[in-house]
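Subject: Structure handover

Hi,

Here is the structure I promised to pass on. Please open it first, then read the notes below.

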Amino acid sequence: MNKRSIIYLILGLVLLAGTAGIFSSRFDLTKEKRYTLSSSSVQVLKNVQKPLMVEVYLDGDFPANFKQLQNETRFMLEEFRKINSNIDFKFIDPIKTKMSQDTLMAMGMQPSILPDMKDGQVRQIVIFPYVALKYKEFGSSVPLIVQQSGIDATEQLNKSIEYLEYNLISNIKSIAQENRKNVGILINQDELGPEEFQGFMQMALESYNTGPVVPEQGDELTQADIPKLKKMDALVIAKPRKPFTDGEKVILDQYIMNGGKTLWMIDAVNAEMDTLTRSKKIMAYPIDLNMNDFFFNYGVRINSALVKDVQKFALLRLVTGEVSGNPQYTSLPWPYFPLGIAENNHPITRNINPVKFEFPTAIEILERPGIKTEILYESSPQTILKTVPNYVDLIELSKPDSIGVNERASDSKIFAVALNGEFSSAYANRSERNAYPDFKPKSTENRMIVISDGDVGRNKIIKGNPLPLGYDLLTNQQFGNEQFLRNALDYLLDDANLMELRNRNIEARLLDRQRIDNEKTNWQWFNLLLPLAIIGVLGALFFLLRKRKFA
């Protein structure tokens, strides 16, 4: 066998191996690197120790635009399988396999009903755009379609593709991680009750070990609670209504200095909608939690003036009449319920439904060295501040933009901030440090989120049954409170830096429909004649070479 034959043999074997899929390489030439997994995703996939099955219920007969989502999902799962052979997947057509819709809905999958035009007739197609993850004895369902109101179907589909890697990787991390992080719910300061906080608890338990932190001795945190706090990676303080003692503040300060993450949902004013609905008028007054100096040290001041947003607000649905004994409801603007609509690309707030705040107050940011402050939500420029004590009256529904007694027009006010950096202890130069063992004057890199509304994490209760977090039964609206708080926890506890994937931007390079219509015939002829021309040229070239050889 000569040298040329050996080369041809090797090339043939390489071509055969590539055709058989024994090895393959892909080159991502896209500007945004849409087909390249992040290093954090690769690390999560490598940590999957047992077989993980991914069942994709996105197969069958559905509109062409969903084919793109199907193809992107298939490609990404193929990349997952290359990185870790423990991961496998399959596509399932739930309609063709005659799976019961009750079974699918019991798995947390809600059907999507899409109109489709075919042969001049409009028909309805039922699809379940979900992924089911099965790992050991655990299972979870992951929606492939981003749920965001106010956007059209094309934009929604594009955002779903943008979030595909984050959705899959974050849920794989949640179900496959061996050691889940611990989230403690402080039960000490007359916070939200179990029924009012059930929606948040159910959400947190999907990804973290979550449970109450109750003082060991009496109703105050003491040094006896330090071992329990050290086990908590994050601490949630939801709507405290009893002042913190100075001793408790030292313990919380040292919890933060030792790396503990905190999520604060604070009411600075006592104003409850349930009371207002019954009495039509209430006196709102400030709440003293004895925490002003605590937050001041970290560069935040929570003011006690109520914020009225006369541009971005939720509707309040009330009984305004009666016809034949039937109550008549009307939805009216209520500026005390401003909506948080993200105007930046922060991973916590990007592309989620508006967040509903109830009687929030303004957060003032104070510069502190080593601490970076990021605004998560703020009111519109058309804002009114109401100083308290003051009356809140339902009659304000008729003129939501009017300025009343002890009110003044203001600029935008902040409702929620994220702090990250190296925090300094407020007690580093005070005598209280002597009573705390192993006192630490400064933290390593840490994070904290402060929200000036205690009700942002509170679910409504109807006839003793809690509603989903963020759901308004009267207006039938689903606000983004649950997703906001889910993202907040993930941001605080994200050691793998997966939250950066939420800021991934994939440009939708859509075809020019008008140009397609104008040039359709030309391109059809071009595609028809070009192959024939190439074959003709090659045939003529082959004929000339053969004629020259045998001339």
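W523, F526, L530, I534 and L538 make a nonpolar surface patch of about 490 Å² in this predicted model. W523 sits in helix α13, which spans residues 513–549. Its relative accessible area is 45%, so W523 counts as partly exposed.

Next, the charged pairs. Side chains of opposite charge can pair when their charged atoms come close. The count here comes to 31 salt bridges. Three of them follow.

D267 and K239 meet through their side chains in a salt bridge, at 3.5 Å from N to O. D267 is in the loop between β10 (261–265) and β11 (269–270), and K239 is in the loop between β9 (234–238) and α9 (246–257), so this pair ties together parts that are 28 residues apart in sequence. Are D267 and K239 buried or exposed? Both are buried.

R458 and E272 form a salt bridge too, at 3.4 Å from N to O. R458 belongs to the loop between β23 (442–451) and β24 (461–462), while E272 belongs to the loop between β11 and α10 (273–279), so the parts tied together are 186 residues apart in sequence. R458 and E272 are both buried.

K442 pairs with E422, and their closest N and O atoms are 3.6 Å apart. Strand β23 holds K442 and strand β22 (residues 414–424) holds E422, so the pair ties together parts 20 residues apart in sequence. K442 is partly exposed, with a relative accessible area of 41%. E422 is partly exposed as well, at 36%.

Some of the salt bridges share partners. Which residues do they join into one network? The members are E196, K239, D267, E272, D274, D455 and R458.

The elements giving two or more residues to the lining are α10, β14 (313–323), β15 (326–340), β24 and β26 (471–472). Which element gives the largest share? That is β14, with 5 residues. By type, the lining divides into 13 nonpolar, 3 polar and 10 charged residues.

Best wishes

Note on methods
Residues numbered from 1 in each chain as written. Predicted model: local features only at pLDDT ≥ 70, side-chain atom pairs only at ≥ 80, totals over all residues. Heavy atoms only, no water. Patch = residues over 30% accessible without salt bridge, like charges linked within 9 Å, V, L, I, M, F, W, Y side chains within 5 Å. Areas by Shrake-Rupley, 256 points an atom, 1.4 Å probe, with all protein chains shown as cover. Salt bridge = Lys/Arg side-chain N within 4 Å of Asp/Glu carboxyl O. Helix = DSSP H or I, 4+ residues; strand = E, 2+ residues; numbered from the N terminus. Buried < 20%, exposed > 50% of the residue type's maximum accessible area, 1.4 Å probe, protein only. Nonpolar A, V, L, I, M, F, W, Y, C, P; charged D, E, K, R; others polar.
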